[in-house]
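Hi,

Here is the structure I said I would pass on. Have a look at it first, and then read my notes below.

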Amino acid sequence: MKTETIAIHAGNHTDDTTGAVVQPIITSTTFERLPDESFRGEYIYSRSSNPNRTALENVLTKLENGAAAAAFSSGNAAGMAVFQSLKPGTHIIAPDDMYHGLRNQLKQLFAGILEFDFIDIDDTEILKAHLKPNTGLIWIETPSNPLLKVTDIKKIVSIAKERNIKVACDNTFATPICQQPLTLGADLVMHSTTKYFGGHSDLMGGALITAEDNEWWQIIHNVQTMGGAIPSPVDCYYMVRSIKTLPYRVRGHVHNAQLLAEFLDAHAAVEQVLYPGLPSHPNHEVAKEQMIGFGGVLSFILKGDRLNTHRVINKLKLITKATSLGGVESLIEHRATMEGPDTKTPFNLLRISVGLEHIDDLIADFEQALN
């Protein structure tokens, strides 16, 4: 089936009891045993499995062309499950522009348990120089947050496979509508489903999708069920409902982001625009090869000092100053402030989650703020 059809049907089935065309919410935490002590199906206790979570994981699996999926209560919980699945002493290579929430998770929660290096993962020589006998995972984030770096997934996979190293890819910015890392050779895909999958800034969630249902995946699955960082049946239900419009929403985000990037790129007040859809992006050719669409997030660097940066962001009227991304409304944030004192993000960089408002209105708002 095509993506649009998968998004609508893979997370839903007609209710056998009532004939309802939308799957109901099953909030029960436990399920009745039959006289022989067996169960009617796979459901025993809602921490380990629930019909609504099964529906969500099914549609996530099919959208990413994977073998299985595990849904979590947040993107950070999903990322932590990967790190918890690794043996103590395992070495991880991660990008220097890694999402600060997961980077801090490694530095603060796994220091002394796992080894890790944050490097320019796109530089082949630097990457090879950091490989160790105990390197077990290369973590990719592409496009990255907030510098919108694009990593050549096939190249990283080729280097990793020669050494039997796993590759996991944070695909949050792209979604499976814009990029499918498993088809490019990655072993695992991670999402903060809070973002584009939820799509309305009112749901929290995370997910992992695996290329193979293998021994490593079973460890991750055990972390999910034993750790219990799972989404509620209600959250799963609404996530599935939101996913039904995902392909069309993402195309709207991509369309608006491309046009806004082009406008900002031509503006005299802007020093640089970071967006894979622009020919000026250093990895534009890689993005064209591995991405179906260039995503709905862009960053731009203003000319001038920190004061000017805050002046511009505070003059915007339509675009909300808030963290997160992927909602139907446009959001902007001063990323360096969000990341804290150890940030390496330029002080004059602003990140935009481009929403689904009319592009003329978005451009007009930036025009008045920049001028």
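A word on terms before the details: helices (H or I, at least four residues) and strands (E, at least two) are DSSP runs, numbered from the N terminus. This is a predicted model, so local features need pLDDT of at least 70 and side-chain atom pairs count only at pLDDT 80 or more, while totals for chains, interfaces and linings use all residues. Residues are numbered from 1 along each chain as its sequence is written, and side-chain values use heavy atoms, with hydrogens and water left out.

**The chain as a whole**

The chain has 14 helices and 12 strands. For 371 residues, a compact globule would have a radius of gyration near 21 Å, and the chain agrees because its own value is 21 Å. (That radius is taken over C-alpha atoms, and the globule rule is 2.2 Å times the number of residues to the power 0.38.) Along the principal axes, the C-alpha atoms fill a box of roughly 75 × 50 × 35 Å.

Of the 371 residues, 54% count as buried. Buried here means under 20% relative accessible area, exposed means over 50%, and partly exposed is in between (1.4 Å probe, protein chains only). The accessible surface comes to about 15900 Å², and 53% of that belongs to carbon and sulfur atoms; the areas come from the Shrake-Rupley method with a 1.4 Å probe, and for residues only the protein chains shown count as cover.

On contacts (heavy atoms within 4.5 Å): among those with a separation of 6 or more, 70% are between residues 24 or more positions apart.

**Two cores**

A nonpolar core is a set of buried Ala, Val, Leu, Ile, Met, Phe, Trp, Tyr and Cys residues joined through side-chain atoms within 4.5 Å. The largest one has 80 residues, and Leu260, Leu264, Leu298, Phe300 and Phe366 touch the most other members. Helix H10 (residues 246–265) gives the most to this core, with 8 residues. Take Leu264: leaving aside neighbours within four places in sequence, it is in contact with Val270, Val273, Leu298, Phe300, Ile352, Phe366 and Leu370. There is also a second, separate core of 27 residues, which includes Ala81, Leu114, Trp139 and Leu208. In soluble globular proteins, nonpolar side chains tend to be buried together.

Ile93 lies in strand E2 (residues 91–95) and counts as buried because its relative accessibility is 0%. Beyond four places in sequence, Ile93 is in contact with Asp117, Ile119, Ile121, Leu127, His130, Leu131, Thr135, Leu137, Ile138 and Trp139. Leu137 is 44 residues away along the chain from Ile93, yet their C-alpha atoms are separated by 6.5 Å.

Gln105, in helix H4 (residues 100–109), is buried too, with a relative accessible area of 6%. Not counting residues up to four places away in sequence, Gln105 touches Asn76, Gly79, Met80, Phe83 and Phe110.

Asp123 sits in the loop between strand E3 (115–119) and helix H5 (124–130). With 30% relative accessibility, Asp123 counts as partly exposed. From the C-alpha of Asp123 to that of Thr151, 28 residues apart along the chain, the separation is 9.6 Å.

Most residues other than glycine have a negative phi, and most peptide bonds are trans. Here are some places to check against that.

The peptide bond from Thr142 to Pro143 is cis, with omega near -10°, and Pro143 is in the loop between strand E4 (135–141) and helix H6 (153–161). The bond from Asn145 to Pro146 is cis as well, with omega near 10°; Pro146 is likewise found in the loop between E4 and H6.

As for phi, Asn65 has a positive value near 55°. Asn65 lies in the loop between helix H2 (51–63) and strand E1 (68–72) and, at 47% relative accessibility, counts as partly exposed. Ser324 also has a positive phi, near 80°. Ser324 is found in the loop between strand E10 (320–321) and strand E11 (331–334), and its 25% relative accessibility makes it partly exposed.

Over to you!
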